[in-house]
Amino acid sequence: MADNNDAVDFLLKCKEEALTARQDIEAVWKECYKQYRSEEDFGNKQEWQHRTCSPEVFPAVKGAVATIKNMMIRSEDYFSIEKVGGEDAELAEGFTKLVQFHLRDSDFTSRFCEAVESAFVLSLGVLKLFVGEEPHTFISGQERITRRMARLKCEVVDPFQLFFPMDKSFFIEEKRVTVPYLHTMAQRGLFDKGVVEQVAQEDYGSDERESERLTRLGLTKVTNPYRREVVLHEYWGDLIGLDNRAVQRNVTFVVANEKYLIRPPVPNPFWHGKAPYVLITPLQVLFRHVGTGLVEGVRTLQKALNNLVNIQLDAILFRMLNLFEVNQSNLIYPEDLEELYPGKIFRKGTDAPLVTQIPMSEPSMGAFRMMEQLRRSIQNYTGVTDFLMGLGVTRGGTTATEVSSKVQQSNAMFESIARDIERQGIVGAVDLAKDLIIQFLMDADPGVEPNAARILGQAGVRLDAMSLGERMELLQGDWDVYPRGISVFLEKSEALSQLISFLDILGKNPAFSAQVNAEALLRRILEAFRFPDITSLLEPELPPEVTAGLINDPDLLEAVQRELARETPGP
């Protein structure tokens, strides 16, 4: 067993190792975040010069996140949990619904999309899943009772505040809390009361010690003396001694202000034995600490675009305000130039012009073409193009087939990104969530509310009735998580593009129409438009002239194609 100082020193050295491993990447993160916020340091420009950022990154990121969220919201059941081998399908179905309920209760969709946005901007999104407690009031007979109830929690962690090495063998989360929070956690038995009192007296007493340490942590500048800040570091992993041997395996502990061990090392409390984090990175990079996002690869393009925009704006300003040269030797009173106002009279000595406008060239069309090329390059890298944003669909002269083709090309990269996000984020989070639910939220004890029976009815009684041994067996069983939200949506997108191509073939080859079931084709078209009740739009039996007219009218087919192209999923 390591003493307190050993654990604190070990944590600080591990954090230093993690910071060193990502030193270069963190500098890129900061630059990416500035471009996401449309901020740039333009140096020592003159006051009249433009300092404009062309907002290409922000709408691209928001468009991509909106697409992911749209895919999840449109699919009520965006995952399923199945027992390997198909055993006990009834249990698997009920368990899937139980996990879906608790994830909805934790606002998982919003938290997941926030983590995805972080991944698009900073190359890394982090979800933290755990079980917390909340006060719950209920009536028992004539008595009003308030208890703290277990509840699945899902939080988004700032990547700047999570430290881990190349092999991800440990995780350290840094967070800022207040001194009252420490006292609350100590009252619940989660922090050592004696150490919490020591923190309050030594670091926040009348004679603050080691001001250099507190200054480094940013704790000496106090905004609210009633809510003094504390820097916590939460460690997950093995505790190693100086002899490079494991002192304790798979533990967690908490250090306050880089000095006080307010929670000593204890075994990982989760049955799954993992750290409670899910990492999301959109694009993998060989042999790198983390992958990359949508912003990192377009940083130089965005800077070049900003420079061109500002140069053109400066040139236009010069042309609008004009430059003039003044022949001062022709003025009888040269001091007249010191004060200018409308209607002022100047007295000159000769007939020579007093003021001559300096001709300025028109803004370069080549620069505008280069700006458009830079925008296209940014779109090609991020996968969020004009067509996917719906900007290209309405242009005149563009056929539905051309729209479908361009959307398919644009979707290729974004589809790959979306599937990776689904595999890392949804599968990883659901896998953690199901284990936490089995451990903490499948207990007939009245302290767990709501239980499975209240959520699922009779189907949940079996889950609530499981003994501790049965729940452990359930946790250790062979379960597979199948994501269905993003994947199914992308599959529908592909099917929709194929339908548009098929309609194009029919329009160009009327002879094929005799071999097509027009009623089935019409049903497919209505399904593609996502009408909620298709049967109400269809006659029980369509007249032959209607079905023939649908297939043999090229103008009608083209109109249907164009409208379907607008329905093609994309950012």
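At 68% relative accessibility, N244 counts as exposed, which here means over 50% relative accessible area, whereas buried means under 20% and partly exposed lies in between (1.4 Å probe, protein chains only). The structure is a predicted model, in which local features need pLDDT of at least 70 and side-chain atom pairs count only at pLDDT 80 or more, while totals for chains, interfaces and linings use all residues. Residues are numbered from 1 along each chain as its sequence is written, and side-chain values use heavy atoms, with hydrogens and water left out.

The protein has 571 residues, and 43% of them count as buried. It holds 18 helices and twelve strands; these are DSSP runs numbered from the N terminus, with at least four residues (H or I) for a helix and at least two (E) for a strand.

Five strands form an open sheet in the order β4-β5-β6-β7-β8. The pairing in this sheet is antiparallel; two strands pair if DSSP finds at least two bridges between them. β4 (162-163) and β8 (260-267) have a single partner strand each, so they stand at the edges, and one side of each lacks a neighbour in the sheet. At the β4 end, two bridges join β4 to β5. Here L162 faces E173 of β5. Nine bridges then link β5 with β6, again in the antiparallel sense. Eight bridges join β6 to its antiparallel partner β7. Across that pair, Y235 has F253 in β7 as its bridge partner. β6 is mostly covered, with nine of its twelve residues buried.

Helices are placed against this sheet. α6 lies across β5, β6 and β8. Helix α7 (residues 193-202) lies across β7 and β8.

Most residues other than glycine have a negative phi. N244 is not a glycine, yet its phi is positive, at about 65°. N244 sits in the loop between β6 and β7 (246-256). These two strands make a hairpin with five residues between them. F287 is the second case: it too is not a glycine, and its phi is about 55°. The loop that holds F287 runs between β9 (277-280) and α9 (299-321). F287 counts as exposed because its relative accessibility is 79%.

I81 is placed in strand β1 (residues 79-83). With 1% relative accessibility, I81 counts as buried. Its contacts beyond four places in sequence include A92, F95, V430 and W479. The C-alpha atoms of I81 and P483 are 8.8 Å apart, although 402 residues separate the two in sequence. Q439 belongs to helix α11 (residues 400-440). Q439 also counts as buried, at 11% relative accessibility. Beyond four places in sequence, Q439 touches P269, F270, W271 and R471.

Points are joined across faces, edges and corners, and volume is the space filled by probe spheres set on them. The largest pocket has a volume of about 1000 Å³. Its lining has 31 residues, of which F130, V131, G132, M185 and L190 are the closest to the centre. Elements that give two or more residues to this lining are β2 (125-140), β3 (143-157), β5 (170-178), α6 (179-187) and β6 (229-240). One cavity of 30 Å³ or more is found in the whole structure. The largest cavity holds about 40 Å³ of space. Q35, S38, E39, E40, C53, Q302 and N306 line this cavity.

Conventions. On a 1 Å grid over the protein atoms alone, a cavity is a set of points where a 1.4 Å probe fits but cannot get out, and a pocket is an open set with protein on both sides within 12 Å along at least five of seven lines; lining residues have an atom within 4 Å of a point. Contact means heavy atoms within 4.5 Å. Axes are lines fitted to C-alpha atoms, for helices over the stretch in contact, and angles run from 0 to 180 degrees between N-to-C directions.
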